[in-house]
Amino acid sequence: MNYSKTVCTALKRAGASEGDLVRIKAGALEYCGTLVPNTAGSPDCIVIKLPSGYHMSFRCKNCTVEKLQGKAASAAPSAKPLKKRPDLPEISMIATGGTIS
């Protein structure tokens with residue numbers, strides 16, 4: 001994880017590592033999500049993935065971290081092989097991505 005020494009210390013104190021479910025308390029606000037690597041922001045921010053799929057970051061000095069039980073469930077479904085149906089025409093699909101794709 002690309003976190004500062006301060007963030008690493010806070011995560012270690014909470015016993016949390018990448019993929020863990022965590023609760024972040026920032027003032028009166030509280031968020032639960034999956035701890036993810038900080039790849040683009042300030043190394044002094046903790047990044048979690050919310051159940052909605054969005055990422056949220058918190059400046060470490062303004063929040064507390066609590067590890068919740070277990071690891072986050074993998075959101076990736078298992079791939080099933082497709083069966084080609086000769087009675088249907090072939091199509092092309094373009095996937096452009098998005099916030100949640």
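Contact is taken here to mean heavy atoms within 4.5 Å. The model described below is a predicted one, and the account begins with a residue of the loop between S2 and S3, asparagine 38. With its neighbours within four places in sequence left aside, asparagine 38 is in contact with Asn2, Tyr3, Pro43, Cys45 and Val47. Asparagine 38 counts as buried, because its relative accessibility is 2%, and buried means under 20%. Its side chain makes approaches to the backbone at two places: the backbone oxygen of serine 42 is reached at 2.5 Å, and the backbone oxygen of cysteine 45 lies 3.1 Å from a polar atom of the asparagine 38 side chain.

Serine 42, whose backbone oxygen is reached in this way, is likewise found in the loop between S2 and S3, and at 27% relative accessibility serine 42 counts as partly exposed. Serine 42 and asparagine 2 are separated by 40 residues in sequence, while their C-alpha atoms are 9.1 Å apart in space. Serine 4 counts as buried at 13% relative accessibility, and, residues up to four places away in sequence not being counted, serine 4 touches Pro43 and Asp44. The side chains of serine 4 and aspartate 44 are joined by a polar contact of 2.8 Å.

Aspartate 44 also has a neighbour in arginine 59: the two are 15 residues apart in sequence, and the distance from C-alpha to C-alpha is 6.0 Å. Arginine 59 belongs to strand S4 and counts as partly exposed, with a relative accessibility of 41%. When residues up to four places away in sequence are not counted, arginine 59 touches Ser42, Asp44 and Cys45.

Helix H1 has buried residues at Val7, Ala10 and Leu11. Seen down the axis of H1, these buried residues fall within an arc of 95°, so they line one face of the helix. An α-helix has 3.6 residues a turn, so residues three or four places apart point the same way. Lys5, Lys12 and Arg13 are exposed on the other side of H1. The helix is followed by glycine 15, which has a positive phi, near 75°.

The strands are paired in two hairpins. In one of them, strand S1 (residues 20-26) is joined to S2 by six bridges, and the two strands run antiparallel. Two residues stand between S1 and S2 in this hairpin, and glycine 27 in the turn has a positive phi of about 65°. In the other, S3 and S4 pair in the antiparallel sense over five bridges, with valine 47 having serine 57 in S4 as its bridge partner. The S3 and S4 hairpin has five residues between its strands, and in its turn glycine 53 has a positive phi of about 100°.

The largest nonpolar core has 17 residues, of which Leu11, Val22, Ile24, Leu35 and Ile46 touch the most other members. Two or more residues are given to this core by each of H1, S1, S2 and strand S3 (45-49). Isoleucine 24, one of the core residues named above, stands opposite tyrosine 31 in S2. Apart from its neighbours within four places in sequence, isoleucine 24 is in contact with Leu29, Glu30, Tyr31, Ile46, Ile48, Phe58, Cys63, Thr64 and Val65.

Two of these contacts of isoleucine 24, Tyr31 and Phe58, bring the account to the aromatic residues, for the structure holds one aromatic pair. The ring centres of tyrosine 31 and phenylalanine 58 are 5.6 Å apart and the planes of the rings stand at 45°, so the pair is tilted. This pair links distant parts of the chain, since tyrosine 31 is in strand S2 (residues 29-36) and phenylalanine 58 is in strand S4 (residues 55-59), 27 residues apart.

Note on methods. Residues numbered from 1 in each chain as written. Predicted model: local features only at pLDDT ≥ 70, side-chain atom pairs only at ≥ 80, totals over all residues. Heavy atoms only, no water. Buried < 20%, exposed > 50% of the residue type's maximum accessible area, 1.4 Å probe, protein only. Polar contact = N/O pair within 3.5 Å; in protein donor to acceptor, adjacent residues only side chain to side chain. Phe/Tyr/Trp six-rings, centres within 6.5 Å; stacked < 30°, edge-to-face > 60°. Helix = DSSP H or I, 4+ residues; strand = E, 2+ residues; numbered from the N terminus. Pairing = 2+ DSSP bridges. Core = buried A, V, L, I, M, F, W, Y, C linked by side-chain atoms within 4.5 Å. Arc of directions from axis to C-beta.
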